[in-house]
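The following exercises are to be worked through with the sequence and the three-dimensional structure at hand. Each task is followed by a stepwise solution.

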Amino acid sequence: MSWLCCLVLLLSVVPSVNAMSSVFPERPPSAEQPAEDEWETTVVIVTVKEDVDEAVKEVMAQVPSGKVRKTFKRIYNGFSIELKKGELNLLKNVESVERVDHLASYETNLDGSVPFIGGDHVRGMFNRDGERLTGKGIKVAVIDTGIDYRHPDLQGNYKGGYDVVDYDDDPMETQSNQGVPTLHGTHVAGIIAANGQVKGVAPDAEIYAYRALGPGGQGTTEQVIEAIEKAVEDGVDVLNLSLGNTVNGPDWPTSVALDHAVEEGVVAVTSNGNSGPKMWTVGSPGTSTKAISVGASAPPIKTPYATVFGDDTELTLFPMGGTMPWALKRDFPIVDGGLGTKEDLAELEVEGNVLIVKRGLIPFTEKAHNAKAAGAKAMIIYNNLPGAFVGVVEGGVKLPVVSVTKEDGDWLLNKLKEAHDDLSLRTIYREEEDFIAPFSSRGPVTQTWEVKPDLVAPGVSIDSTVPKGYLGLNGTSMSAPHVAGAAALLKQAHPEWSPEQIKAALMNSAKKLTSPEGERYLPHEQGAGRLQVDKALELKTLVYPGAVTFGKWTREDPREKREVTLTIENHDRVARTYHVTPPFEAPDGLQWEVPFATTLNPGEKREVVVELDMLPSVLAEGIHHGDILIEGGRETISVPYVFFIEEPDYPRLMAFNFGQGDEKDTYRYELYLPGGAEEFGIVLYDPDTFEFVTFLDSKKDIGRGMVEGTLEDIDLSDGVYKALIYAVNDGQEDTIEAWITIGEELPPKSQGFE
């Protein structure tokens, strides 16, 4: 397991542009990278140019102390190796080595949702052999935390798998005697193919479980790639990966592995991530070009909103998995419960009141049980970072618990303070559906500028199987298996279809969604739209790719034409004449060139070229988007497109982690630079006064990808420091704030670490 897995509960990291940016000390003109201990070891993923075995021989001849851990020959051309840090440059200079990546960590980013996506209608549909479309005979791999294959709703579907954490043939969820227990994979498997009290999307599909994430739902790049390879070798038809990291890079190893799996004929489905609602928050493997990346929308739900008497402001209450539904019928007094610890609640009048607590310091589960023991009527947890979050109470609790954004939590506490601790909460309920969940990660993908997610599916309050029962959970982790189940139905209906055709059917038939304010969601928010599996099975026209990008221009670029190629297939029984229709209202400086008409006989397909003729200097800076329509079939197919004028405002750095190194008194950090950086640094401040302390590290002219550093002989007092990590590239400077610990001292209670 990667060294950074243990840091998940220690770091609070958030992109920020605030007053701290204006108090930068003068940067050192030339800060050198600290020397690395030549005896310290690390594990890396090596991509090779040609034959893996020959490359291994060449590497071992030049780095004899290295230890090859795993070789990947099917969906990833390379291997993992453990070697001394001082030998990394030697490894990179081996002729057969194409690139070297450090390990990253991954974590586990129905009754109402299955009928909502057309699942009930599908029950009455048949394939060409007269069999009902239930996923029968289709092999679906769940690469996750394992599954409880003894669950009565899953035991008939479970056909095998592998555990790449413990290296055995028993991919059971982590049990309590093995570490932090898990339930995520069982929940995902239930959405795909449960066949009992709960009915999944494809209730007769065969489930193969690959346990790539161990205790607490944590795993590494190495484990995920190995699980993908084993699943492909086992001949599965569909992969589901409801996991991810925060690296928005198309060339990250897990994304590349999924691309290769699709090339092998396997439909790959992955969650888009739970780091929304900002742009550029999609993480690998959701950045895979050929996989189907899925964002989260809402099925029909009764959404609770909170307000206080005398104010029109309404706060959205996000349900937390494993808790009772929020169903308060009258007003209840609000009590500020601090961080929700036993000590915080000991001196408060909690009985019969609504408790509001801050996220952090102790797990959600402990907060919930403390509130229940104190007699709270319900509990609200507000974020300790800007925006919303997804949470779950492991094992469940008989108490309504919801989350709110940091901004809404602060607003409510200010109201409570103004009312001198005498304020009551009122709940308003509204029937809602088809909104994009705030936590759902958005695209596009850096470097390729591709539209992600590809589509969205229900991911809010999804009830499914968990060990020894059932539970409602939220997340794009719940959205992806809806699509994986739909892919299994399409594969049963059209066994000869390629992954590209199945992806096209799912995207071409998706429903375009609009926000509660009546605005159409953008392509990088919803992709092609919300999953409609019944419509996908009824399609008579396929167009792929289902979304396109024309890339990036600068204002100084000359007039230029760029083109994309669309494939149109006619699956109707009669000939069809298709017309490609770009947006009619093209702004000045932009012209479309499309074929006049394309006639296809039944079963015929043809490639057509769509050209965009542009004069960038007259177009507005930023993202441009729209839809290309393909008309003439039974259905009008809408293909979303995007392009950028000038360098997009994607984060110049992401995925920062910091922790103790392998040797005493050493520390390690890593972060991802999606476009490289002209300069980057880590600046420390006093946590109370925000007074500048020191530069922890600084580098210049760094290439794109993961950056790792080892620090030693740090001359600082033990304690918690405020860190500002900055990166400058292409005229844009971005920062991340983080709390980092030097020595063994725990973070201050007031910071609310989760």
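**Exercise 1.** Is the crossing in which α5 passes α11 left-handed or right-handed?

**Solution.** The model is predicted: local features need pLDDT of at least 70, side-chain atom pairs count only at pLDDT 80 or more, and totals for chains, interfaces and linings use all residues. Residues are numbered from 1 along each chain as its sequence is written, and side-chain values use heavy atoms, with hydrogens and water left out.

Step 1. α5 passes α11 in a right-handed crossing (the near helix is turned clockwise from the far one by less than a right angle).

Step 2. To the contact (heavy atoms within 4.5 Å), α5 gives His184, His187, Val188, Ile191 and Ile192, while α11 gives Ser477, Met478, Pro481, His482, Ala484 and Gly485.

Step 3. Sorted by class, this contact holds 6 nonpolar, 5 polar and no charged residues (Ala, Val, Leu, Ile, Met, Phe, Trp, Tyr, Cys and Pro count as nonpolar, Asp, Glu, Lys and Arg as charged, and the others, Gly among them, as polar).

**Exercise 2.** Describe the setting of valine 693.

**Solution.** Step 1. Strand β37 (residues 692-702) contains valine 693 (strands are DSSP runs of E, at least two residues, and helices runs of H or I, at least four, numbered from the N terminus).

Step 2. Valine 693 counts as partly exposed because its relative accessibility is 32% (buried means under 20%, exposed over 50%, partly exposed in between, with a 1.4 Å probe and protein chains only).

Step 3. Leaving aside residues up to four places away in sequence, valine 693 touches Leu684, Tyr685, Asp686, Leu716 and Tyr721.
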